[in-house]
Amino acid sequence: MYPIGKLLNVAGSIALGILSYNTWRFISFHLALYGDRKLDRYKSKNQRSWAIVTGASAGIGLGYAEELIIRGFGVIIFGHKLDELQQAEIHLRTISDDSDIRIVKLDAITASPTEIKDALNEFKQLHITILINNVGGAVSWPFYKPFREHTADEVDNTINLNARFMAQLTRLLLPTLTQHSPSLILNMSSGSHMGIPWLCTYSAVKGFNASFSRAISREMKATGVAIDSIVVYPGDVHSQANTSGLAPFSPSSREYAKMALDRVVTAVRQGRNEMSPFWMHGLSGVLDFVPEFLVQSLTQTSLEGKLEAQAEQMMKVKEL
Ligand SMILES: NC(=O)c1ccc[n+]([C@@H]2O[C@H](COP(=O)([O-])OP(=O)(O)OC[C@H]3O[C@@H](n4cnc5c(N)ncnc54)[C@H](OP(=O)(O)O)[C@@H]3O)[C@@H](O)[C@H]2O)c1
């Protein structure tokens, strides 16, 4: 065989090997084959283990709290409105006779590091092993708009809500999570971390969530600390914030939280520090290998439905 033929043979075999490996990883991840769906890895044998979930009075955060209670964890739910937290608590008590729930009222946009520290002091005696940095969203009206139309407050508040709060909370909880390890930090990013037009600040903070989470993961491994830090990339999920113009087959908040918790230990055992628990969202990873002109065109096309839905919503608000 000519050398060029041999070369092509070798390149083909390598490509096939990589494709097979990635296909196997994708399938085994979504079937949670190496899983521990009950999250026993993060439970103490002698006492109740606890999880903190931020932004847990509604949406995906509430879904996480529901699913953690089913798995036997006590949950500390963070939110900024006492009445909504109390409503969530009443609802969560119906999930199991064994529910153990605490609530923390803190505004993630404005809370100072001292206020966060003081709030955590109350739970010093609890065996906290899970932190879910879930609170987030775009603090702008309307949600999609050109960056030049953002106010100074919208930029600052979006950064504070999504990035500053989770970084400060994680910093304050690392000693506890280290002491109680193995522990887990789940950080909610978004498919938009790739950079979505009309959503510049939000895309950027979701990029922060992703690189922060991966850096923590690598730092824990480098220093021999058994804290698993995983960044989660949701696409469309039905939630309090996301109600119109969603992609077909989008899961509910509860379904999404269940998928994430069912798969997270498999992700850890596969050596991942990021995951997309809903398989359809995972397909967007292909965009990393696609030329920019195609990404530009796909991004614009996929936003058309959302911009239309937003225009309808704005009309309704005007009519009220
Ligand atoms: N849903 C999606 O399609 C989607 C897609 C990609 C990424 N994500 C990410 O997933 C996470 C959850 O999103 P979601 O759609 O479930 O959000 P959501 O439905 O808007 O729920 C957000 C939760 O955070 C609370 N919250 C809002 N502002 C707060 C503040 N200043 N301080 C403290 N708590 C506050 C809300 O409480 P109130 O109800 O009292 O305001 C609510 O409990 C976010 O990080 C988001 O960026 C979601």
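**Helix packing and sheet order in the predicted model**

The axes of helix α4 (residues 113-121) and helix α5 come within 10 Å and cross at roughly 45°, axes being lines fitted to C-alpha atoms, for helices over the stretch in contact, with angles from 0 to 180 degrees between N-to-C directions. Helices (H or I, at least four residues) and strands (E, at least two) are DSSP runs numbered from the N terminus. The structure is a predicted model, in which local features need pLDDT of at least 70 and side-chain atom pairs count only at pLDDT 80 or more, whereas totals for chains, interfaces and linings use all residues. Residues are numbered from 1 along each chain as its sequence is written.

Helices α4 and α5 are therefore oblique to each other, the class left when angles under 35 degrees (roughly parallel), over 145 (roughly antiparallel) and 65 to 115 (roughly perpendicular) are set aside. P113, I116, K117 and L120 of α4 meet Q168, L169, L172 and L173 of α5, contact requiring C-beta atoms, placed from the backbone, to lie within 7 Å.

Seven strands form an open sheet in the order β3-β2-β1-β4-β5-β6-β7, with parallel pairing; two strands pair if DSSP finds at least two bridges between them. Because β3 (101-105) and β7 (274-275) stand at the edges with a single partner strand each, one side of each is left without a neighbour in the sheet. Strands β5 (residues 183-188) and β6 (residues 227-232) run parallel and are joined by six bridges, and M188 stands opposite V232 in β6. Helix α5 (residues 152-179) also packs on the sheet, where it touches β4 (127-133), β5 and β6, its direction making about 155° with that of β4.

Note on methods:
Two residues are in contact if their C-beta atoms, placed from the backbone, lie within 7 Å.
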